[in-house]
Amino acid sequence: VLAGAMPYLLEHSAPAATLNVLSLMVLPFAPIMVGAQLWVWRTFRPGKDAFRLPSFF
């Protein structure tokens, strides 16, 4: 399915120069976002023997 959609995606994607600028803007923030996600996972995880109950209950 993806191989059939590839020509459409290539024609309708952003120009290479735009993607290069976006990648240069995102790369410095990626480690910060990964670190923040790891901090949240470690801070708010339940204990080893905790009963896991979905938060919507």
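Analyst: Here is a quick run through the fold, the surface and a few residues.

User: What am I looking at, and how are residues numbered?
Analyst: It's a predicted model, where local features need pLDDT of at least 70, side-chain atom pairs count only at pLDDT 80 or more, and totals for chains, interfaces and linings use all residues. Residues are numbered from 1 along each chain as its sequence is written, and side-chain values use heavy atoms, with hydrogens and water left out.

User: How many helices and strands does the chain have?
Analyst: Three helices and zero strands. Those are DSSP runs numbered from the N terminus: H or I of at least four residues for helices, E of at least two for strands.

User: What share of the chain is buried?
Analyst: Buried residues are 0% of the 57 in the chain. Buried means under 20% relative accessible area, exposed over 50%, and partly exposed in between (1.4 Å probe, protein chains only).

User: And H3, how many of its residues are buried?
Analyst: Zero of its 15, so H3 lies largely in the open. From first C-alpha to last, H3 reaches 21 Å, close to the 21 Å expected at 1.5 Å a residue; that expected span is 1.5 Å times one less than the number of residues.

User: Which residues does UniProt list as "transmembrane region"?
Analyst: The unreviewed UniProt entry lists residues 20-41. UniProt positions follow the numbering used here, feature names are shortened, and annotations may be inferred rather than shown by experiment. In the model, that span is 86% helix and 0% strand, with its end C-alpha atoms 31 Å apart.

User: Switching topic: which helix gives the most to the nonpolar patch?
Analyst: H2, with five residues. Helix H2 (16-26) and helix H3 (30-44) each supply at least two.

User: Where's Val21, and how accessible is it?
Analyst: Val21 sits in helix H2, and it counts as partly exposed because its relative accessibility is 47%.

User: Last one: where is Ser13?
Analyst: Ser13 is in the loop between helix H1 (2-11) and H2. Ser13 is partly exposed, at 43% relative accessible area, and its side chain reaches the backbone oxygen of Leu10 at 3.3 Å.

Definitions and conventions: A polar contact is a pair of N or O atoms within 3.5 Å; within protein, one must be able to donate a hydrogen and the other to accept it, and residues adjacent in sequence count only if both atoms are side-chain atoms.
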